[in-house]
Amino acid sequence: MVIRKIKIILEMIKFEHTVFALPFAYFGAVLGSFIVNGGFPSLSQWIWITIAMVGARSAAMSLNRVIDEQIDKHNPRTATRAIPAGLVSKIEVLLFIIVSFALLFYSAFQLNMLAVYLLPLAVFFLVIYSYTKRFTWACHLILGVTIALAPLGGWVGATGTLTWEALLLFLAVALWTAGFDVIYATQDADYDREHHLHSIPSRFGIGRSLKIARVLHVLSFLSFVSLFFISPLGWIYFIGVLIAGAIMVYEHTLVSENDLSKLDVAFFTMNGILSLVMFIFAIGDILL
């Protein structure tokens with residue numbers, strides 16, 4: 001019974017989509033450790049960073065499902081999610097959230113004191129981003145900041161410091177995330193407008209929103225390129241950035257104002273691939 005409920009909750013929060021953020025957390029950890037400590041993170045740092053990331057994402061996604069219960073219930077696209085469908089209760093999900101936050105907090109204490117000091121800031125964004133669609137169309141940028149805490153957290157977890165390179169990586173991931181979230185939100189543009197929810201598609205229309213997403217991805221690409229110039233990362237990393245840029249261009253060819261039928265491919269598949277490409281090429285660059 002308990003295992004079945006946990007499986008439902010993991011499916012509800014799309015646990016497998018941790019692949020979007022976790023490679024960037026490792027990217028931040030490895031690059032930071034290489035620059036600050038001159039080597040790779042220790043085994044214990046890999047383990048605690050992984051647990052912290054899993055705890056943070058699980059807590060944030062579960063909170064989102066609890067906070068958005070009424071919105072999901074009345075949206076045909078999301079009405080079958082576990083909470084509005086009655087597959088799990090809010091109490092059961094809240095218990096899962098408490099455990100997830102406990103994993104995050106305990107992991108931070110196992111890493112270093114800067115990770116502990118930054119916990120309130122991380123929790124603030126993990127909680128607040130689910131509310132932002134209620135009062136601002138800039139909610140996509142807040143989600144970008146929230147997911148970009150992954151590379152920043154990895155960096156802090158491995159080094160106990162923050163540098164300009166870490167902040168530039170944070171910016172690149174925040175802009176990339178905001179861009180693909182704008183694309184994803186186009187499918188709910190009409191529903192959001194009718195129910196007074198805020199998003200860039202509901203505010204500016206689908207056509208202009210896709211243009212805004214392109215601008216965000218161009219800025220993200222330029223941020224990744226800038227990291228090449230201010231960090232020790234070399235040409236292997238740069239090749240990875242070019243591949244990531246090509247993936248973003250391809251992603252935008254899959255969707256148009258009049259055809260959103262390939263939205264899932266553009267959102268899930270291509271972004272998962274991009275995240276892994278950036279991690280693999282960055283690690284390859286440092287190793288070679």
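Visitor: Which residues does Asp192 touch, not counting residues up to four places away in sequence?

Guide: Contact means heavy atoms within 4.5 Å. By this criterion Asp192 touches Leu197, Ser199 and Ser202. This is a predicted model, in which local features need pLDDT of at least 70, side-chain atom pairs count only at pLDDT 80 or more, and totals for chains, interfaces and linings use all residues. Residues are numbered from 1 along each chain as its sequence is written, and side-chain values use heavy atoms, with hydrogens and water left out.

Visitor: Is Asp192 buried or exposed?

Guide: Buried means under 20% relative accessible area, exposed over 50%, and partly exposed in between (1.4 Å probe, protein chains only). Asp192, which lies in helix 11 (residues 189–194), is buried. A salt bridge requires a side-chain nitrogen of Lys or Arg within 4 Å of a carboxyl oxygen of Asp or Glu. Asp192 has none, and the nearest side chain of opposite charge (Lys and Arg count as positive, Asp and Glu as negative; His and the chain ends are not counted) is Lys133, 6.2 Å away.

Visitor: Why does His140 count as buried?

Guide: His140 counts as buried because its relative accessibility is 1%. His140 lies in helix 8 (residues 139–147), and its contacts beyond four places in sequence include Ala178, Val182 and Ser199.

Visitor: Which side chain does a polar contact join to that of His140?

Guide: A polar contact is a pair of N or O atoms within 3.5 Å; within protein, one must be able to donate a hydrogen and the other to accept it, and residues adjacent in sequence count only if both atoms are side-chain atoms. Here the partner of His140 is Asp181, at 2.8 Å.

Definitions and conventions: Helix = DSSP H or I, 4+ residues; strand = E, 2+ residues; numbered from the N terminus.
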